[in-house]
Amino acid sequence: MSRLFPIIENIKVDLKSLISIKHTCDPEICSEKGSCCSEYEVCMEKREVDKIVTHIPEAAKFAPQLIANGTYRNIFEETDDNLVSIDTDEENQCLFAWRNGKGEALCSLHSHALKNNLSFYDTKPESCCLWPLAIYDGSPKILTVQDDAFNFDCNKRHKSEKARLDPEISSIINNVYGTKMLTGINHAISIM
Ligand code: SF4
């Protein structure tokens, strides 16, 4: 059991789920179907809000709905479990989302990062950077695949002769949790 759910860097890792998924972020898919940015309530810890707020002026250049009456709107709301959520519009779309001329759904925090040579891992909420993975509360926390991730066309079953992570999933883990975590997960997969 612990071989399938090892604790690495203080996080319980659901290895079977992580190796089961292949992810490709392609905004063209979002122009046709629902996007992750209109499916989930994005929640974060209060310390993360300060980071996001510093990027709102640049994000608003892509997503003008972040401004009302000449000032930046307060788009954050405290949740019952002491986290902070991002408000959504009438179509349930995150207020940081915007559509380009081709109708592709994009994240203004991500677009700002690309435009200004920043890493989007430094401008977006952690839960968005993790998609299609998710971290669930617990003691310790559990890293796995988002429950309904396979409902989205950007996620497919990862078929490989040898158990291993999809490169995009590796990149997400590396960028969010660091090389030590990724190395630990790869090792755990190799002895699974
Ligand atoms: S912050 Fe960006 S990536 Fe996250 S839900 Fe909003 S638009 Fe999507």
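**Salt bridges and beyond**

Student: How exposed is Lys-115?

Tutor: Lys-115 is partly exposed, with a relative accessible area of 47%. Keep in mind that this is a predicted model.

Student: Okay. Which residue does Lys-115 form a salt bridge with?

Tutor: Its partner is Glu-58. The closest N and O atoms of the two are 3.9 Å apart. Glu-58 sits in helix α4 (residues 56-59) and Lys-115 in helix α5 (residues 108-115), so this pair ties together parts that are 57 residues apart in sequence.

Student: How many salt bridges in the structure?

Tutor: There are 8. In general, side chains of opposite charge can pair when their charged atoms come close.

Student: Give me another. Which residue pairs with Glu-48?

Tutor: Lys-51 does. Here the closest N and O atoms are 3.8 Å apart. Both residues belong to helix α3 (residues 46-53), and because they are 3 residues apart, about one helical turn separates them.

Student: Is Glu-48 buried or exposed?

Tutor: Buried, at 8% relative accessibility. Lys-51 is partly exposed, with 28%.

Student: What about Lys-102, which residue is its partner?

Tutor: Glu-104, with 3.7 Å between the closest N and O atoms. Lys-102 is exposed at 63% relative accessible area, whereas Glu-104 is buried at 8%.

Student: How many positive and negative side chains does the protein have?

Tutor: The count is 21 positive and 29 negative. The centres of the two sets lie 8 Å apart.

Student: Switching topic. How many helices and strands?

Tutor: The protein has 8 helices and 13 strands.

Student: And the overall shape: what does the radius of gyration say?

Tutor: It is 17 Å. A compact globule of 192 residues would come out near 16 Å, so the protein agrees with that. The C-alpha trace spans about 60 × 35 × 30 Å along its principal axes.

Student: What share of the residues is buried?

Tutor: 42% of the 192 residues. The accessible surface comes to about 11,000 Å², and carbon and sulfur atoms hold 48% of it.

Student: How far apart in sequence are the contacts?

Tutor: Take the contacts between residues at least 6 apart. Of those, 62% join residues at least 24 apart.

Student: Show me a residue with contacts like that. What does Val-42 touch?

Tutor: Leave aside its neighbours within four places in sequence. Val-42 then contacts Val-84, Ser-85, Ile-86, Pro-125, Ser-127 and Cys-128. Val-42 lies in the loop between α2 (27-32) and β4 (43-44).

Student: A loop residue, then. Buried or exposed?

Tutor: Val-42 counts as buried, at 12% relative accessibility. Thr-88 is 46 residues away in sequence, with 9.4 Å between the C-alpha atoms of the pair.

Student: And what about Ser-139, buried or exposed?

Tutor: Exposed, with a relative accessible area of 79%. Ser-139 is in the loop between β11 (133-136) and β12 (141-145). Its C-alpha atom is 39 Å from that of Arg-99, 40 residues off along the chain.

Student: What kind of peptide bond joins Ser-139 and Pro-140?

Tutor: A cis bond, with omega about 5°. Pro-140 is in the loop between β11 and β12. Trp-131 and Pro-132 are also joined by a cis peptide bond, with omega about 10°. Pro-132 is in the loop between α6 (126-130) and β11.

Student: Why point those out?

Tutor: Because most peptide bonds are trans, and most residues other than glycine have a negative phi.

Student: On phi, then: what is the value for Glu-9?

Tutor: Positive, about 50°, and Glu-9 is not a glycine. Glu-9 is in the loop between β1 (7-8) and β2 (11-13), and is partly exposed at 43%.

Student: And phi of Asn-92?

Tutor: Near 70°, again a positive value in a residue other than glycine. Asn-92 is in the loop between β8 (84-86) and β9 (97-99). Its relative accessible area is 40%, so Asn-92 is partly exposed.

Key
Residues numbered from 1 in each chain as written. Predicted model: local features only at pLDDT ≥ 70, side-chain atom pairs only at ≥ 80, totals over all residues. Heavy atoms only, no water. Helix = DSSP H or I, 4+ residues; strand = E, 2+ residues; numbered from the N terminus. Rg over C-alpha atoms; globule rule 2.2 N^0.38 Å. Buried < 20%, exposed > 50% of the residue type's maximum accessible area, 1.4 Å probe, protein only. Contact = heavy atoms within 4.5 Å. Areas by Shrake-Rupley, 256 points an atom, 1.4 Å probe, with all protein chains shown as cover. Lys, Arg positive; Asp, Glu negative; His and termini not counted. Charge placed at Lys NZ, Arg CZ, Asp CG, Glu CD. Salt bridge = Lys/Arg side-chain N within 4 Å of Asp/Glu carboxyl O.
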